[in-house]
Amino acid sequence: MDPRNESIVPSITQLENFLTEHDSNVVWLLVATILSCGWIIYLTYYNSRNIGFILTFVLNRLYKNGYIHIGSFSFSVLSGKVMVREIYYITPDMSIRIQDGFLIFRWWKMYNPKQKQHDPKAETRLYIMVNDFEFHVYNRSEVYSRLEELFGLEPTIIPQKKEEEKTRENGRERTHSDIVSVKAKSESYDPSSSWRSLIPVIKVNVSTGRLAFGNHYLPQTICVNFDDAFLTYTTKPPSSHLDQFMHIVKGKLENVRVMLVPSPRYVGLQNDEPPRLMGEGFVVMQSNDVDIYYYMDEPGLVPGETEENNEEETSSEDSKLQDLPPCWGLDIVCGKGTDFNYGPWADRQRDCLWKFFFPQDYQVMKVSEIPQLGKPRQILAFELRMNIIADATIDLLFTKNRETNAVHVNVGAGSYLEINIPMTVDEKVAIMSPALFAFTVSTFILASSETVQVPSHSFKYTKLLL
């Protein structure tokens, strides 16, 4: 036999003879090949979309207070990866949109329930990546529904509830408060039973994010844009031993811009033009890099007299000083390229946004009740601190006879702003304490100063809400 006539690929006749000997034929081979190719194409291009469609249908049948859309959904058990695309969550008050992202749960990492629960340096078991994140708040239905009830108007925003539904809701609220109390007790006694022992640290990366507050009834919408955000969530021991733990979110944001942009499809007339436009709108604040540190104590339960007496006997004076109310605050550190722009026009837009999202009810404010025994402790104030660690500029823009003028302020590193906002109604005041170091002011008249510190200003809480 001539070896040159031999071929690696069998001929049709040889293939047919082989299939005949094994009780088969070419037709079934072609059918199996076509079905295999079709199944591979389906798994590659259509399976995740069909799963997303099914999840969208099921979630919207179960959840009635909004609309949830999942464009595609796929997962891999071996790598612990879940991938999603086109996530929409829309309610009458806000919306969340995500173009695509994935979640990785490192299930192969060893789990040790006896390790320190509040360890910020623990290994990251859960990692989340999000692309094109958008969070938009455009309404406050509950607030305006309450105003309709206070002013004796017919409910048009939220339908009036029947007495049976109100009774059910009151029962649910009581059940929820009882669950919170039981949860606080169980977590304080057995911390290892919490999910935080399994996932002590969560890392989230966001590529291109946007936060928006406004709607088509407001002339301007305030937007917070950033290119990249690297966030880390963890917990640590609370500031007071009476609380459970403290939530911590550390983050670094790049190319942050706070802007006032014209609202799309605004129903009114845009007759108030901004003094300066930069890109999409008026830039209120921008910085190349911003570090944030958000913290919030998870309140514990109000202790009884016997518990307090036992603690007083065993605790020292240093531990008594830690019996502080739960802490809640946000620290912002602005780096290089920080610029602030403000003026009468920006203040008018701020006032318009404030009146829409925080409308006055013209009611006498009642003093907040003191939490009773066995109820969660109360957060008394929100602390906001902004530090500038590099040279920055502040432009106060105003328009006269259609001509834009400005007061330009150069601010040195080390300047800061502290605001303390009460969360309860009492005799306390909200304190704002700014300090600007080594700044120069330039306008038609030039003036300079080496160090200027503005004394603290106090505002009545009732006036602060106006």
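The stops below begin with the whole chain and then turn to selections within it.

**The whole chain.** Start with everything selected, and bear in mind that this is a predicted model. Shown as a cartoon, the protein chain has nine helices and 19 strands. Of its 466 residues, 30% are buried, and if you switch to a surface view, the accessible area comes to about 30,800 Å², with 60% of that area belonging to carbon and sulfur atoms. Among the contacts in the chain with a separation of 6 or more, 69% are between residues 24 or more positions apart.

**Colour by confidence.** The chain has an average pLDDT of 80, and 74% of the residues score at least 70. Now select residues 444-466, where the pLDDT is below 50, although this stretch has 50 contacts in the model beyond near neighbours in sequence. Where pLDDT is low, the predicted coordinates should not be read in detail.

**Helix H3.** Next, select residues 47-62, which form helix H3, a run of 16 residues that reaches 23 Å from its first C-alpha to its last, close to the 22 Å expected at 1.5 Å a residue. Show the side chains of Ser48, Thr56 and Asn60 together with Gly52, because these four residues of H3 are the buried ones to look for. They lie on the same side of H3, because they cover an arc of only 95° around the axis.

**Strand E14.** Move on to residues 415-422, which make up strand E14, and pick out glutamate 418 within it. Glutamate 418 is partly exposed, at a relative accessible area of 34%.

**The cysteines.** Finally, select cysteine 223 and cysteine 334. Is cysteine 223 buried or exposed? Cysteine 223 counts as buried because its relative accessibility is 1%, and cysteine 334 is likewise buried, with a relative accessible area of 0%. A disulfide is a covalent bond between the sulfur atoms of two cysteines. With a cut-off of 2.5 Å between cysteine sulfur atoms, the count of disulfides comes to zero.

Definitions and conventions:
Residues numbered from 1 in each chain as written. Heavy atoms only, no water. Helix = DSSP H or I, 4+ residues; strand = E, 2+ residues; numbered from the N terminus. Buried < 20%, exposed > 50% of the residue type's maximum accessible area, 1.4 Å probe, protein only. Contact = heavy atoms within 4.5 Å. Areas by Shrake-Rupley, 256 points an atom, 1.4 Å probe, with all protein chains shown as cover. Expected span 1.5 Å × (residues − 1). Arc of directions from axis to C-beta. pLDDT = per-residue confidence, 0-100.
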